[in-house]
Amino acid sequence: MTIALVTDIPELTAAAATLAQAYGMPNELPENATEHEFYLELTLDGLELVWHSRPDLQPLQLSFTHGPQAWRQQQGGGRQEAVVRALGIAKGFRPTVLDATAGLGRDGMMLAHAGCKVYLLERHPAVHALLDQAVVHAQQDERIGAWVKERVTVLPRGSLIDTEVLSAAFQDLKPAAIYLDPMFPERGKAAAVKKDMQMLQALVGGDSDADRLLPAALALATHRVVVKRPAAAPFLSGQKPSSQITTKKHRFDVYVKHAYS
Ligand SMILES: C[S@@+](CC[C@H](N)C(=O)[O-])C[C@H]1O[C@@H](n2cnc3c(N)ncnc32)[C@H](O)[C@@H]1O
């Protein structure tokens, strides 16, 4: 699916062209615009993802400085968050984490907020562009910019299971932990799924190759791999974890290679 990056604000024309080039996207919609089910639009508020056939859904804006994500970091982001506990953050110890299915970056930012150095890896062009721009903006923010700059790196678009990229780009990272949260095809009834997640699901699909991520992650992580799954989902790759942390809706399957100490 081709995703264009456009703007209809004259002052932003040059900026949109620069971003489209940087992310390898066309800078205009095709004549038959419905061919592009989704497109990115640069507005005065930043980059937005628009879903053509669902005008009932607000365009998806990704921000770590305003809205629900900023709220989540203010309220939580501490050691009580299940994702933070699953990654094994302990007093005085913060693993370096490769978030290899970074998506909208919510979990990754939570881990960074809790003190981990986090590398965000995402393969979908539009999701990668939204995430990259949201992190760029967060790095410039007065309140959170300092820790985001120090701890959060968005990697070039790619995937852990793209073996050509793997050897070149990731071997040097040597992450202590790898975090995986691939799409699960049946995340629940559409109405029960948050609107931004509905949009992400329609855009990205079901990540049907997700089982391949676990062996790749176990080969690369030095200490542990954590997989987020819906509560009733089977284990990724059919592989039993060393331990689990459960919340109402989710399960964090923890695969320990070596203890951190
Ligand atoms: C459920 S979302 C992740 C949500 C994320 N944890 C968050 O907090 O926003 C899954 C994301 O992983 C990405 N993804 C799935 N498989 C991938 C792979 N092999 N390499 C890179 N990204 C992948 C998808 O494109 C999608 O954006």
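1. Which residue has a backbone N or O atom 3.2 Å from an oxygen atom of the ligand? That's Gly105. Bear in mind as you look around that this is a predicted model.

2. Asp107 has a polar backbone atom 2.9 Å from an oxygen atom of the ligand. On its own the ligand has 600 Å² of accessible area, and the protein covers 99% of that.

3. Now for the shell as a whole. There are 22 residues around the ligand, and the ones that come nearest are Asp107, Glu122, Ser159, Asp181 and Asp207. Sorted by class, the shell holds nine nonpolar, six polar and seven charged residues.

4. Next, turn to the nonpolar cores. The largest has 62 residues, and the members touching the most others are Leu5, Leu40, Leu49 and Phe64. Helix H5 (residues 125-139) is the top contributor to this core, giving eight residues.

5. Where does that core sit relative to the domains? Domain 1 (4-61) and domain 2 (68-256) both give residues to it, so the core lies between them. As background, nonpolar side chains tend to be buried together in soluble globular proteins.

6. A second, separate one has 23 residues, among them Leu160, Leu213, Leu218 and Leu236.

Technical notes
Residues numbered from 1 in each chain as written. Predicted model: local features only at pLDDT ≥ 70, side-chain atom pairs only at ≥ 80, totals over all residues. Heavy atoms only, no water. Near = heavy atom within 4 Å. Polar contact = N/O pair within 3.5 Å; in protein donor to acceptor, adjacent residues only side chain to side chain. Areas by Shrake-Rupley, 256 points an atom, 1.4 Å probe, with all protein chains shown as cover. Nonpolar A, V, L, I, M, F, W, Y, C, P; charged D, E, K, R; others polar. Core = buried A, V, L, I, M, F, W, Y, C linked by side-chain atoms within 4.5 Å. Buried < 20%, exposed > 50% of the residue type's maximum accessible area, 1.4 Å probe, protein only. Helix = DSSP H or I, 4+ residues; strand = E, 2+ residues; numbered from the N terminus. Domains from an automatic or database assignment.
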